[in-house]
Amino acid sequence: MFVERIAFENVRNHIFTRIEPSKGLNVFYGRNGSGKTSILEAISIGSLTKSFATPLEQNIVRIGEDYYAVELVANSEKEIPYYVKVFYQPKKKKEITDANNASINPKDVIGNVPLVILTPQMREIVFGPPNVRREFIDRVISQVSSKYLDDLLRFRRILKQRNKLLADIADGFSSQNSLLEVWNDNFIAVSSRIISLRQMFFDEFIPFFKESFNLITGKKEETDIKYIPYYFGNRLVPTDIKEIAIVLYNILADVRKYELERGMTLFGPQKDDFKILLNNNLARDVASQGQSKSLLIALKYAELQYFLQVEHKIPIVLFDDIFSELDIERINYVLNLISDAKVQTFITITESKFLEYIYPISNQLKVFYVEQGKCFEESN
């Protein structure tokens, strides 16, 4: 898949911007705050129906305006055209429409234009809290499995209803234990499917991650990922849904009393995490700044290879200001990965000096200068 055109209004400091990018490498340079990242955000909105940078939609709207709009036109490697428009106004439902101007849902959009995104903030995948790593898992799997995305949305609704009922019982407003049993069954059924798909994802993803890290480090260090669903303890994680459900019912029996007392769900996929190991130690405890960068690059390159080799989908790569985080050796390594992958890539940089490393790697290159929310294509 590749973006043929991205046009957007009132995204951050952009009044109106329209870009027809190269099918290969696209570089946006300019000072901090010029509006480079906003271009990548617009691509994210057109691909995922939301920004990768913030969950607060109103923060994306240009100051003084009351809406933003994003229009994305793409094409597949089989020349299948794709179009989506996203229109947002604060306090109103987001409008998403297709080429026929028919209203569609986010789940109808996600996965059509798969993205691999790398930003400096994503170092939190290594060092940050579990919710950051869950977001990473959910973003990747949702772009390749509509079944997973459907279950994830269903799970959030069930969790909300189950928590409400547990809170009512704890506060004495309800004694509907029979209704709680129904929600328990629904909760465990969808949780089992989510955990199964997460385990299958890691079974396929981890070899790519290890291989990528070996390439980066020259096999001088070892890494691994361990996925252990919350409360599973030392239990082996099966992929069979029925076996997972049995484990979850056993966990439910252990925590039932405490859930009724506290009025909230105390287990399930909403609490899952995965451990990134470096030389058999938790990476977040022992990784240096350089090692964490290598781990993050390896994660993202593995994500790219997972899309290409397992799912046979060609993603679009967004790299936001990562060169300010990397040394020259890692910059060259990332650029070589981009060149070898032959996927459409969007990179933002703050300093034009990095262009000297970029020019030699692609004969399909467009360079854009960004200033105060305006984007100017430069001739090579």
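Colleague: Thanks! Which residue in β13 does Leu 25 stand opposite?
Modeller: Leu 25 faces Leu 365 of β13. Keep in mind that this is a predicted model.
Colleague: Noted. In which sense do β3 and β13 pair, and over how many bridges?
Modeller: The pairing of β3 with β13 (residues 365–371) is parallel and runs over five bridges.
Colleague: And what is the order of the strands in the open sheet?
Modeller: The order is β7-β11-β12-β3-β13-β14, six strands with mixed pairing.
Colleague: Which strands stand at the edges?
Modeller: Those are β7 (115–118) and β14 (374–378). Each has a single partner strand, so one side of each has no neighbour in the sheet. On average, neighbouring strands here are turned by 20° against each other, direction ignored.
Colleague: Nice. Which strands of the sheet does α10 touch?
Modeller: Helix α10 packs on the sheet and touches β3, β11 and β12. The direction of α10 makes about 160° with that of β12.
Colleague: Which residues of α10 are buried?
Modeller: Arg 330, Ile 331, Tyr 333, Val 334, Leu 335, Leu 337, Ile 338 and Ala 341.
Colleague: What do those buried residues pack against, besides the strands?
Modeller: The helices there are α6 (177–217), α9 (289–310) and α11 (355–358). The strands they pack against are β3 (25–29), β11 (316–320) and β12 (345–349).
Colleague: What span should α10 have, going by its residues?
Modeller: With 14 residues (328–341) at 1.5 Å a residue, α10 should span 20 Å. The end C-alpha atoms of α10 are 20 Å apart, so the two agree.
Colleague: What comes just after α10?
Modeller: Lys 342 does, and it takes a positive phi of about 55°.
Colleague: Changing topic: where does Ser 145 lie?
Modeller: Ser 145 is in the loop between α4 (130–142) and α5 (146–170).
Colleague: Is Ser 145 buried or exposed?
Modeller: Ser 145 counts as buried, because its relative accessibility is 14% and the cut-off for buried is under 20%.
Colleague: What does the side chain of Ser 145 reach?
Modeller: That side chain reaches the backbone nitrogen of Tyr 148, at 3.0 Å.
Colleague: At what angle do α4 and α5 pack?
Modeller: They pack at about 135°, with their axes 8 Å apart. That makes α4 and α5 oblique to each other.
Colleague: Last one: which residues of α4 and α5 meet?
Modeller: From α4 there are Ile 137, Asp 138, Ile 141 and Ser 142. They meet Tyr 148, Leu 149, Leu 152 and Arg 156 of α5.

Notes:
Residues numbered from 1 in each chain as written. Predicted model: local features only at pLDDT ≥ 70, side-chain atom pairs only at ≥ 80, totals over all residues. Heavy atoms only, no water. Helix = DSSP H or I, 4+ residues; strand = E, 2+ residues; numbered from the N terminus. Expected span 1.5 Å × (residues − 1). Buried < 20%, exposed > 50% of the residue type's maximum accessible area, 1.4 Å probe, protein only. Contact = heavy atoms within 4.5 Å. Polar contact = N/O pair within 3.5 Å; in protein donor to acceptor, adjacent residues only side chain to side chain. Pairing = 2+ DSSP bridges. Axes fitted to C-alpha atoms, helices over the stretch in contact; angles between N-to-C directions. Parallel < 35°, antiparallel > 145°, perpendicular 65-115°, else oblique.
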